[in-house]
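Open your viewer and get ready to select. This short tour tells you where to click next.

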Amino acid sequence: MSAPSHTRTHPAATGGVDIRLPWWAIVLPAVAFVTLLLLILNPADGQAAAGDPTVAHVLARAKEMLLR
């Protein structure tokens, strides 16, 4: 006596696409895009564009700590 076989219909066979992305796969690129777009529209808001010597000061302190 043979057992009945169950056949599954695959999404490709029915014409549908079954792709599921996690929420962060959409949100993170969108946030990065908006952030870069805002920096392009108003570059004065960026700390490096303002000529702030804070970055140079932090790098000088890091160099001093490494050379001791």
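What pLDDT does the protein chain average? The average is 75, and 66% of the residues score at least 70. pLDDT is the predictor's confidence in each residue, from 0 to 100. This is a predicted model, where local features need pLDDT of at least 70, side-chain atom pairs count only at pLDDT 80 or more, and totals for chains, interfaces and linings use all residues. Residues are numbered from 1 along each chain as its sequence is written, and side-chain values use heavy atoms, leaving out hydrogens and water.

Now show the cartoon. The protein chain has 3 helices and 0 strands (DSSP runs numbered from the N terminus: helices are H or I, at least four residues; strands are E, at least two). Color by pLDDT.

Next, select L21. Look in the loop between α1 (11-14) and α2 (24-41). L21 is exposed, with a relative accessible area of 56% (exposed means over 50%, buried under 20%, partly exposed in between; 1.4 Å probe, protein chains only).

Finally, select the whole protein chain. Buried residues make up 1% of its 68 residues.
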